[in-house]
Structure formats: structure tokens, C-alpha cells
Amino acid sequence: MAAQALSLLREVSRLEAPLEELRALQSVLQSVPLSELREQAAELHLGPLFSLLNENHREQTTLCVSILERLLQALEPVHVARNLSVDLQRGLTHPNDSVKILTLSQVGRIIENSDAVTEILNNAELLKQIVYCIGGENLSVAKALIVEISSVSPESLNYCTTSGLVTQLLRELTGEDVLVRATCIEMVTSLAYTHHGRQYLAQEGVIDQISNIIVGADSDPFSSFYLPGFVKFFGNLAIMDSPQQICERYPVFVEKVFEMTESQDPTMIGIAVDTIGILGSNVEGKQVLQKTGARFERLLMRIGYQAKNASTELKIRCLDAISSLFYLPPEQQTDDLLRMTESWFSSLSQDPLELFRGISNQPFLELHCAALKVFTAIANQPWAQKLMFNSPGFVEYVMDRSVERDKASKDAKYELVKALANSKTIAEIFGNPNYLRLRTYLSEGPYYVKPISTTAVEGAE
């Protein structure tokens with residue numbers, strides 16, 4: 001089949017009006033597996049197909065687009081960037097939208113591939129033309145590509161800003177259309193993942209503008225459309241830069257997150273809980289939250305309540321946030337921080353350990369694993385080990401392999417055992433016999449099954 005396709009492709013390249021051959025080629029390609037086409041990649045000369053797009057013939061253009069969509073998938077992005085850059089440039093300015101979308105999707109493949117994107121970045125003229133060509137488009141795919149290009153390097157961001165494309169995106173971010181605003185903030189958040197992107201957003205006053213929009217959100221009946229994205233933006237910004245600096249400079253962000261946890265809207269609660277989890281994932285963020293004092297303790301109580309009573313999806317998000325908040329790497333376990341996490345834990349509910357054990361016994365795989373993750377997060381902290389040891393049946397629960405029946409649960413339990421067994425304080429707190437049982441569990445691996453014959457012999461004794 002691949003041989004027939006190659007033969008038709010050669011035929012097309014020789015003829016001036018190969019409509020019949022194009023129809024036949026399109027039909028044949030539908031039954032050729034992509035793997036076979038990839039094997040023949042060196043023989044796929046696509047220049048003639050791109051040339052046929054330049055003629056004003058609707059059916060011919062439609063056929064060529066359909067054929068190119070299939071054949072380009074068989075080529076590596078690096079090959080496309082090196083050998084078809086001129087064709088891509090032409091495609092970006094084509095009057096037919098389907099040709100533009102085909103070309104934009106290939107530019108997207110190139111940008112996502114670290115080897116291929118270098119080909120564009122090393123060719124300043126080509127990059128500039130791609131940026132300006134995209135600039136003529138109001139397609140959302142074009143905007144997403146602009147952000148991807150801007151994120152690659154300070155130089156590529158410079159081309160995009162000079163062309164006015166990023167400015168247009170930022171105008172829409174602070175414009176009146178709330179739905180467009182919601183889409184734009186996702187793109188701006190992507191740009192903020194890079195250091196040069198954050199610098200640019202700060203210099204242009206965009207971060208201040210986003211903060212001001214959050215301030216004004218209370219009086220905007222449509223704020224629920226964009227507020228989650230704006231809060232997420234600050235959460236990501238804080239963890240990538242400095243939680244303390246961001247929270248001190250933009251107090252409205254922290255205020256809004258606390259406010260959202262008290263909302264009746266599960267969407268708002270979910271975003272707030274996710275953001276607290278992100279913010280508290282490093283020590284500096286934990287200390288920022290600790291400074292809010294009794295407010296944070298009340299917030300923890302609400303998260304504990306939601307972990308027990310909310311929908312399954314929100315319960316899992318609460319448990320994930322709790323895991324993030326409570327994890328302390330051994331090298332960061334100062335007395336102050338251990339006292340802090342112990343105090344936080346007691347704020348979650350009257351008996352948090354029992355709460356999470358109850359959740360882990362529910363017949364939902366994701367909930368079970370998320371609860372085990374909470375135990376794993378605190379497993380290397382001495383106060384938590386004492387709680388576990390003194391909780392009736394908890395040590396047996398940890399050692400019992402029969403509770404976990406699927407791979408994900410077995411893996412999650414194994415991580416808990418590993419965190420306990422590798423802790424320097426565990427032998428002293430759990431006692432040597434239990435410590436040795438943990439080490440045995442660890443050495444046997446997550447999927448160990450006790451041989452039946454051994455059980456029978458033990459029973460006979």
C-alpha cells in the first residue's frame with residue numbers, strides 16, 4: 001500500500017492538473033498505516049503538493065490539504081523545519097483557512113519539539129516571518145502558538161512583542177469580554193512559566209492589572225468566568241518566584257483565596273484548595289500561610305470538612321492539597337517547622353488520622369490512594385509517627401497487604417512503607433520489631449504475595 005502511495009505521489013509531481021491522481025492518492029492513504037509511511041519518510045517529497053496549493057482550484061486545494069495532513073504526520077518535526085520552511089511560510093499567508101490551519105498545526109509541532117524549534121530560532125528571518133504571518137490571524141490556535149513561541153527565549157518574545165501580538169493578547173486580557181479574558185489568562189499563565197516571560201509581564205504592569213481586576217471582581221456579576229484563572233495565575237507566579245514577595249506585594253491574592261474557600265460554589269472551593277496546595281508546596285510558602293495565624297487554622301478546618309463531606313472529585317483535590325502542605329523534606333525539618341505541621345494537622349479535624357483512615361477505606365481507588373498519599377507526606381515526621389504508633393490498629397493496617405487489590409493502591413502503600421522505613425526516627429518510635437517488618441515489606445517489593453504453602457504449614461503448626 002505504501003508503495004502505491006509513493007507511486008501516485010511521484011505521478012502527481014509530474015503532472016500539471018493531477019486531479020484524478022490526487023483523488024486516488026487520498027483514497028489510498030486512508031488505508032496505509034502511519035508506521036508504514038514513516039518507514040518511507042525519506043521518499044516523501046511534499047514540495048509539489050505544496051505548490052499545487054498555490055493554484056486557485058478549490059477541490060485541488062481540499063485534496064492537497066487532506067493528503068498533506070496525513071503525510072506530514074509521518075515526518076519528524078525536525079525534517080519539516082529544515083526542509084519545508086519556505087512552504088510553511090507560504091501556507092501561513094494562504095487565503096484559504098484550511099491551508100493556514102494545516103500550516104499552524106505544523107508550526108505547533110515544531111515549537112513543541114526541542115530539536116526542531118532550534119531550527120527556527122537559529123533562523124531569525126524565518127522566525128520573524130512566522131510571527132508576522134500568525135499576527136494576521138485571529139484564530140485561537142494562532143494566539144496559543146504566539147505564547148509558545150514567546151516562551152522559548154527572550155529573543156523570540158521580543159519578535160512577538162515587536163509585532164504587537166503579545167500586546168493584543170494583553171489588551172484582551174483586561175478587556176470587557178469575560179469569556180475572552182478567561183481564555184487569555186490561561187495563555188498568560190503559560191508565558192509566566194518562563195523567567196523572561198515573568199519579567200516582561202512585570203515590566204508591562206500586567207501583574208498589577210491582574211491584581212486590580214481581582215480587587216474589582218466583587219462588584220462584577222460575571223467574575224466567576226475569569227476569577228479562577230486569575231487566582232491560578234498568582235498561585236503559579238508565587239511558587240515560581242517567591243511566595244513571600246508575591247503575597248506581600250499582592251495581598252488581594254491571598255485574601256481572595258481565603259474568601260473562595262468559604263464559597264458555596266464547589267468550583268471556587270476547588271480552585272482555592274488547589275492554590276493553597278501550590279502555595280504551601282515549599283517551606284517559604286508554608287511560612288507565608290503560617291503568618292496568617294488563626295485564619296489559616298480555620299481554613300484548614302474547612303479543608304478537613306470538605307475532605308470528609310464534599311463530592312469525590314473535591315475530596316481528592318483536598319487530600320492532594322493536604323499532602324502538599326504537610327510534606328517536609330528531612331533536611332528542612334527544624335523544630336519550629338515540625339511544631340507548625342503538627343499544629344496544622346490538629347486543625348484539620350478532631351481526629352485527623354482516623355478521618356484519613358476512614359477515607360482510605362472507602363471503595364474508590366482514587367480516594368484510597370489520595371488518603372495513602374497524605375499518610376506518606378507526614379510519614380517522616382516524628383510527631384506523625386507517634387500518632388500512627390499510638391492509633392489502635394494503624395501499624396497493622398500499614399503492614400497488611402490484603403487491603404490493596406490493584407497496582408495503583410499497592411504502589412501507594414509501598415511509598416508509605418518506604419517513607420516510614422527510611423526515616424531516622426522510626427526504629428525508636430515504632431520499636432525494632434515493627435521497624436524490621438517495614439524493612440522486610442520494603443525488600444519484598446510492592447507486589448509480593450505470601451506463598452500459599454507457607455501459610456498451610458504455619459496453620460498446621
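Lys413 lies over the face of Tyr397, 5.0 Å from the ring centre; a charge sits over a ring if NZ of Lys or CZ of Arg is within 6 Å of the ring centre and within 35 degrees of the ring normal. Before going on, keep in mind that this is a predicted model, where local features need pLDDT of at least 70, side-chain atom pairs count only at pLDDT 80 or more, and totals for chains, interfaces and linings use all residues. Residues are numbered from 1 along each chain as its sequence is written, and side-chain values use heavy atoms, with hydrogens and water left out.

Phe375 sits in helix α26 (residues 365-378) and Tyr397 in helix α28 (residues 394-399), so the pair ties together parts 22 residues apart in sequence. Helices here are DSSP runs of H or I with at least four residues, numbered from the N terminus. Phe375 is buried at a relative accessible area of 0%, and Tyr397 counts as buried at 8% (buried means under 20% relative accessible area, with a 1.4 Å probe and protein chains only). Both rings belong to one aromatic cluster, together with Phe296, Phe326, Trp344, Phe345, Phe356, Trp383 and Phe394.

The count of aromatic pairs comes to 15. One of them is Phe234 with Phe253, stacked at 5.5 Å centre to centre and 25 degrees between the planes. Since Phe234 lies in helix α17 (residues 227-240) and Phe253 in helix α19 (residues 251-261), the pair ties together parts 19 residues apart in sequence. Phe234 and Phe253 are both buried.

The structure holds 3 cavities of 30 Å³ or more, a cavity being a set of points on a 1 Å grid over the protein atoms alone where a 1.4 Å probe fits but cannot get out. Residues with an atom within 4 Å of a point count as lining, and here they are Phe50, Leu53, Asn54, Asp87, Arg90, Gly91, His94 and Val99. Helix α7 (residues 85-92) gives the most to this lining, with 3 residues.

Conventions:
1 Å grid on protein atoms, 1.4 Å probe; cavity = no way out; pocket = protein on both sides within 12 Å on 5 of 7 lines; lining within 4 Å. Points joined across faces, edges and corners; volume = space filled by probe spheres on them. Helix = DSSP H or I, 4+ residues; strand = E, 2+ residues; numbered from the N terminus. Phe/Tyr/Trp six-rings, centres within 6.5 Å; stacked < 30°, edge-to-face > 60°. Buried < 20%, exposed > 50% of the residue type's maximum accessible area, 1.4 Å probe, protein only.
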